Amino acid sequence: MEVQVKIFTVNKRFPLTISRGTTAQTTNIWVTVSQDGIEGWGEASPFGVGNHSQSTDKIKDALQQVTPILQAFSPLQRQEVEAELIKLQVPSAVRAALDMAMHDWLGKLVGLPLWQLWGLERDRIVPTSVTIGINTPEGARTRARDWLKFTDIRVFKVKLGNPDGIDADRKMLLAVQEEAPDLEFFVDANGGWSLSDAVEMCNWLADLGIKYVEQPLPRGQETSLVELKQHTSLPIFVDESCFTSADIPLLANYVDGINIKLMKSGGLTEAMRMVHTAKAYGLQVMFGCYSDSSLANTAAAQLAPLADYLDLDSHLNLIDDPFVGASIHQGKVLPNDLPGLGVQYIASAT
C-alpha cells in the first residue's frame, strides 16, 4: 500500500481552557493509504498528558519513517501492521491514523460503513456531551448560550480544576447549570485537584446530580483513587490515566469507567479491545477526543453504539473543518450510510 501525508490546521470557534492550559488552534495530519484504486483515510492529532507529548512534528517524523516500510503490506494486514508499528515504537497517534485509514479502506472495499460491518446498531448511540472550558461564571454562561444556539445539545461536560481553586470551580458550574437547567451534566477535572479537594468536590457534585467525574486526580496518582472512591458515591472515570487495554486491569478496582480516545489507544482496533476489556471488568465506557476534526470523530462514532457516554464534540467547535462525516441529530453524533468511515473532503487543507 502507498501512504501519503498532508498537514492541515484547524481553528476553534471558541478557545478551550482546561486545567493544563488553553488551545485555540491545532495542526493535524491527514493520512491516506491506497491500494487497488481504493483510498482509505485517517487522522493524527497532537496531544499531551503530563510529560507524555505527541507533537505534530513528532507524529509527522514517525510517519515519514514508517511509510517506506508499509509499502510491503496490504491494508488487509492490520494485525501485522499493528505489530510492526508497536515494534518500531511509533507514537500512538500514528498508529491511530494508519489503523483508521486501513479500516476505511476495508469498508470501501466491501461497500459497507464500519458500524454495519461490525454488526452495530446506530439507534443505541447516546447523545454526545459538548464542552464548557474553564472560565469566569459569566464567560461560562455565555459559552453555554453559544452552544445552545449553535446545535441540538442534550449534555454539557464542564471542565473544572481551575487554578484559582475549587471555589472558582463551584461558581462556574452553578452558573452553567442555571443557564441550562434541563440539560444533563458531566464534570472533567483533567487531573486538576488534590485528593482532599477531590473528596470535597465529588461529594458536592453528587449532591448536585452530576452523572460522573472524569480524571479527578493527576496521572500518576492512581493509587489515591482508592481513597477517593471510599469517600464518594459519585462515579469516577479516568482519561489521562488510561491509554490502552493494558491499563484497565490496574484501574478496575479504583474506577467506574474509562475514557477511550483514538489518539491515545492507537486506533479503532485497540479501542475495540479496550471496550471489551472494560466491559469484562464491569466498567462503563466513553469515547472522547482531542482537537480532532470530523475525520477522527466520525471514526470514533463508528464504535459509538458500544459506549455508555460520548464526548465527541471537538469538530463541532471548528470554523474550518476540512471534512464532513457523522451528523448531529437529537444531540447524537450519528455515522452515515457511506462505506468505510463515510467521511468526505470539503475544503482545502492549510
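**Notes on the predicted model**

1. Phenylalanine 185 is buried, at a relative accessible area of 5%. The model is a predicted one, and this residue sits in strand E8. Leaving out residues up to four places away in sequence, phenylalanine 185 touches Phe156, Val158, Leu173, Val176, Gln177, Ala180, Ile210 and Lys211. Its C-alpha atom is separated by 33 Å from that of aspartate 104, a residue 81 places away along the chain.

2. Helix H6 (166–179) has 14 residues, and its first and last C-alpha atoms are 20 Å apart, close to the 20 Å expected at 1.5 Å a residue. Its buried residues are Ile166, Ala168, Asp169, Arg170, Met172, Leu173, Ala175, Val176 and Gln177.

3. Which residues of H5 are buried? They are Ala140, Arg141, Arg143, Ala144, Asp146 and Trp147. These pack against E1, E6, E7 and helix H6.

4. How many cavities of 30 Å³ or more does a search of the whole structure find? The search finds 1, and the space in the largest cavity is about 30 Å³. Its lining is made up of Arg13, Phe14, Arg143, Asp146, Trp147, Phe150, Leu316 and Asn317. E1 and H5 are the elements that give two or more residues to this lining, and H5 has the largest share, with 4 residues. By class, the lining of the largest cavity holds 4 nonpolar, 1 polar and 3 charged residues. Arg143, Asp146 and Trp147 of this lining are listed among the buried residues of H5 as well.

5. The largest pocket holds about 700 Å³ of space. It is lined by 38 residues, and Lys12, Leu16, Ile18, Thr23 and Ser291 are the closest to its centre. E1 gives the most, with 6 residues. The lining of the largest pocket divides into 12 nonpolar, 14 polar and 12 charged residues.

6. In the second largest pocket there is about 180 Å³ of space. Its lining has 16 residues, with Ser294, His315, Leu316, Asp321 and Phe323 nearest the centre. Strand E14 (323–324) and strand E15 (327–329) each give at least two residues to it. The lining of the second largest pocket has 9 nonpolar, 4 polar and 3 charged residues. Leu316 is named here and in the lining of the largest cavity.

7. In soluble globular proteins, nonpolar side chains tend to be buried together. The largest nonpolar core of this model has 106 residues, of which Leu98, Phe156, Trp193, Ile258 and Phe287 touch the most other members. Helix H3 (residues 92–110) gives the most to this core, with 9 residues. Apart from its neighbours within four places in sequence, leucine 98 is in contact with Val3, Val31, Val33, Leu63, Val66, Leu70 and Leu85. There is also a second, separate core of 6 residues, among them Phe186, Tyr212, Phe237 and Tyr309.

8. Most residues other than glycine have a negative phi. Aspartate 36 has a positive phi, near 55°, and lies in the loop between E2 and strand E3 (38–44). Asparagine 190 also has a positive phi, near 50°, and lies in the loop between E8 and H7.

9. Asparagine 190 counts as buried because its relative accessibility is 6%, and buried means under 20%.

Methods: Residues are numbered from 1 along each chain as its sequence is written. This is a predicted model: local features need pLDDT of at least 70, side-chain atom pairs count only at pLDDT 80 or more; totals for chains, interfaces and linings use all residues. Side-chain values use heavy atoms; hydrogens and water are left out. On a 1 Å grid over the protein atoms alone, a cavity is a set of points where a 1.4 Å probe fits but cannot get out, and a pocket is an open set with protein on both sides within 12 Å along at least five of seven lines; lining residues have an atom within 4 Å of a point. Grid points are joined across faces, edges and corners, and a volume is the space filled by probe spheres set on the points. Ala, Val, Leu, Ile, Met, Phe, Trp, Tyr, Cys and Pro count as nonpolar, Asp, Glu, Lys and Arg as charged, and the others, Gly among them, as polar. A nonpolar core is a set of buried Ala, Val, Leu, Ile, Met, Phe, Trp, Tyr and Cys residues joined through side-chain atoms within 4.5 Å. Buried means under 20% relative accessible area, exposed over 50%, partly exposed in between (1.4 Å probe, protein chains only). Contact means heavy atoms within 4.5 Å. The expected span of a helix is 1.5 Å times one less than its number of residues.
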